[in-house]
Amino acid sequence: MRSAGSVRGPLLRKFHRIVGMTASIFLLWICVSGILLNHTSFLELARKPLPAFLTAWIYPDAIIRESNVHTSIGIFRQHGQTISLDDVVIGLCADSLTGAAEYGGELWIACSHQLHIFTLDGTLVESQDSTLGLPAPVEKVGLCGQVLCVRSGIVDHQFLAHSGIWEHAPEGIQPEELAIRKQPAISSEFGSTATWERLILEAHSGRIAGKTGESFINLASVFALLLTISGVWISLRQS
Amino acid sequence: MPSRILLVALCFVSASWAQIGVFQSVDDFINEAFTETPSIETLWLNNETREQIERALNRSFQALRIRYWRHGGRTAWILHETGKELPITVGVVVENNKIVALSVLEYRESRGGEVRYPLFRDQFFDAELNNDQVLSKHIHGITGATLSVSAIKRVATAALLCHQIAVDVETSP
């Protein structure tokens, strides 16, 4: 008759083997992704955007928006986050494009919650938002006399260049006065949130598959713990 | 036994609650940062200084100028930096090349918002840049907020660098 100890031994080794085989793929991925994340700065993973097909598949929330602003000098088109004037790319909008104006030798591109300021040769000078008191949403941009104005709701706000702040405008806003020359294509990088760092981190934590993925990774961690315990136990029994 | 099963099951449940919000207005942040009304200044960047900021932010930075608030030797910077998907608005106050205050003004994502709590933010007090232009203090991270923590650290580094550039511009002949 076999003793309890002689039955437990093979069972323990079988348990250890099954747990190890089951968890091996998850553990292998956690190890590889963990090493990559440990060297994210060296590998510049945060600066490397994903290929377009991966971004479209995994992060479709890099939202594709399309809208047009018809003006006297041409059509400003927004596709996704890219803004173009007559098919020449001039900038980006995180939300809706609402208008544009030339003021103080600079090109002011208005989005609902931002103003992007470019030099007339296409260099980004500054991006403004509510931090400097820009009212939102920006519905229209133009001139109040000699000063740049935006309309938000029924209230006009003018930009005081010398103080760098937005204040209520004393005069009504005029229709878009756009004396803008076509600009060369701007190949500036604004960065992307769909980066390799983000993908690897979400895959490492399981969040890429939502709550189910997180649960799987949690389970893999529990398996690793069971593997460790059973492994130590087997070692102690053999010694 | 059922209680043990419940305990194990709870380990797999990730608590998730909305963390989005505006936690401090720009006006309140500025009023807290300065005892007297500051002026709004403009920091103009050249290729060299822009490259330094790009290294601090670990991404491309295209703007030619940055606006900030200043009174005496104290400056306040409000910067936006993307954590996971959306920008986090962070205010940093710098004096004598050290951070004297850091505040998360607005958080836009559904997780990782623990970075706004004082327990995390207070780590940045007195932080400065070392010779390698990185933060002199080790900042402990928050589980589940890795990207947000990284974004806050980048903003803190960039603010210290911008303060340094602004002061250098003022003192250079």
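Colleague: Before we start, what are the ground rules?
Modeller: It's a predicted model, where local features need pLDDT of at least 70, side-chain atom pairs count only at pLDDT 80 or more, and totals for chains, interfaces and linings use all residues. Residues are numbered from 1 along each chain as its sequence is written, chains are lettered from A and ligands numbered from 1 in the order in which they are written, and side-chain values use heavy atoms, leaving out hydrogens and water.

Colleague: OK, how many helices and strands has chain B got?
Modeller: Five helices and six strands. Those are DSSP runs, numbered from the N terminus: H or I with at least four residues for helices, E with at least two for strands. From the N terminus on, the order is α-β-α-β-α-β-β-β-β-α-α.

Colleague: What's the strand order in the sheet?
Modeller: The six strands of chain B make an open sheet, order 1-6-5-4-3-2, with antiparallel pairing. Two strands pair if DSSP finds at least two bridges between them.

Colleague: And which strands sit at the edges?
Modeller: Strand 1 (21-22) and strand 2 (39-44) of chain B, as each pairs on one side only. Strand 2 pairs with strand 3 (residues 65-71) of chain B over six bridges. In that strand 3, B:Trp69 is the bridge partner of B:Ile40.

Colleague: Which helix packs on the sheet?
Modeller: Helix 2 (residues 26-33) of chain B, which touches strands 3, 4 (74-82), 5 (87-95) and 6 (98-107) of chain B. Touching means a contact, with heavy atoms within 4.5 Å.

Colleague: How much of chain B is buried?
Modeller: Buried residues are 45% of its 173 residues. Buried means under 20% relative accessible area, with a 1.4 Å probe and protein chains only.

Colleague: Switching topic: which element of chain B has the lowest mean pLDDT?
Modeller: Helix 1 (residues 2-12) of chain B, at 47, while strand 6 of chain B has the highest, 95. pLDDT is the predictor's confidence in each residue, from 0 to 100. Over residues 5-17 of chain B it's below 50. Where pLDDT is low, the predicted coordinates should not be read in detail.

Colleague: And chain B overall?
Modeller: Its mean pLDDT is 86, and 87% of its residues reach 70 or more. The model scores ipTM 0.72 and pTM 0.65.

Colleague: Last one, on chain A: what should helix 5 span?
Modeller: Helix 5 (residues 210-238) of chain A has 29 residues, so at 1.5 Å a residue it should span 42 Å, and its end C-alpha atoms are 42 Å apart, which agrees. The expected span is 1.5 Å times one less than the number of residues. Among its buried residues are A:Gly213, A:Leu227 and A:Ile234.

How values were computed:
Axes are lines fitted to C-alpha atoms, for helices over the stretch in contact, and angles run from 0 to 180 degrees between N-to-C directions. Buried means under 20% relative accessible area, exposed over 50%, partly exposed in between (1.4 Å probe, protein chains only).
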